[in-house]
Amino acid sequence: QVQLLESGGGLVQTGGSLRLSCAASGRTFSSYAIGWFRQAPVKKREFVAAVSRSGDSTYYADSVKGRFTISRDNAKNTVYLQMNSLKPEDTAVYYCAAQSHSTVSDTPDYWGQGTQVTVSS
């Protein structure tokens, strides 16, 4: 069982930055790939970024490439999402997810409860 808790969301102006954190419980954190997803109002949840179990491999949606960076610290059971050059279209609830696999699919094993990110224009 893995519990995920996101933090770091908030209100930021266009062009600003935020860093989201996803803290996980459990001693098997390094056995899980971790991903970030987001869901804007009246839109489907979409993939944002993922990091492999070791942290050696990362994956990004085209819409965030070059602006967002995902990383993990297995000693702290935490994954980070550094978000730079934020745009109003990045406004959404951001969720982290864990999957016992090399990467994260659309149906991960565990979800966090989400953190709101709002980018004002």
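Student: Leaving aside neighbours within four places in sequence, which residues is Cys-96 in contact with?
Tutor: Cys-96 is in contact with Leu-4, Glu-6, Cys-22, Gly-35, Trp-36, Tyr-110, Trp-111 and Gly-112. Contact means heavy atoms within 4.5 Å. This is a predicted model: local features need pLDDT of at least 70, side-chain atom pairs count only at pLDDT 80 or more, and totals for chains, interfaces and linings use all residues. Residues are numbered from 1 along each chain as its sequence is written, and side-chain values use heavy atoms, with hydrogens and water left out.

Student: Where is Cys-96 found?
Tutor: Cys-96 is in strand β9. Strands (E, at least two residues) and helices (H or I, at least four) are DSSP runs, numbered from the N terminus.

Student: Why is Cys-96 called buried?
Tutor: Buried means under 20% relative accessible area, exposed over 50%, and partly exposed in between (1.4 Å probe, protein chains only). Cys-96 has a relative accessible area of 0%, so Cys-96 is buried.

Student: What makes Glu-46 and Arg-38 a salt bridge?
Tutor: A salt bridge is a side-chain nitrogen of Lys or Arg within 4 Å of a carboxyl oxygen of Asp or Glu. The closest N and O atoms of Glu-46 and Arg-38 are 2.6 Å apart, so the pair meets the definition. Side chains of opposite charge can pair when their charged atoms come close.

Student: Are these two residues buried, exposed or partly exposed?
Tutor: Glu-46 is partly exposed, at 37% relative accessible area. Arg-38 is buried, at 6%.

Student: How do you know that Asp-90 also bridges to Arg-38?
Tutor: Their side chains meet at 2.9 Å, N to O. Asp-90 is buried, with a relative accessible area of 0%.

Student: Which residues make up the network of salt bridges?
Tutor: Arg-38, Glu-46, Arg-67 and Asp-90 are linked in it. The structure holds 4 salt bridges. One of them joins Lys-65 and Asp-62, with the closest N and O atoms 3.2 Å apart.

Student: Why is Asp-62 called exposed, but Lys-65 partly exposed?
Tutor: Asp-62 has 65% relative accessible area, so Asp-62 passes the mark for exposed. Lys-65 has 49%, so Lys-65 falls in the partly exposed range.

Student: How many aromatic pairs are there?
Tutor: The structure holds 4. Among them are the rings of Tyr-32 and Tyr-110.

Student: Why is that pair called edge-to-face?
Tutor: Rings of Phe, Tyr and Trp (its six-membered ring) pair if their centres lie within 6.5 Å; planes under 30 degrees apart count as stacked, over 60 as edge-to-face and the rest as tilted. The centres of Tyr-32 and Tyr-110 are 5.9 Å apart and the planes are at 65 degrees, so the pair is edge-to-face. Both residues are buried.
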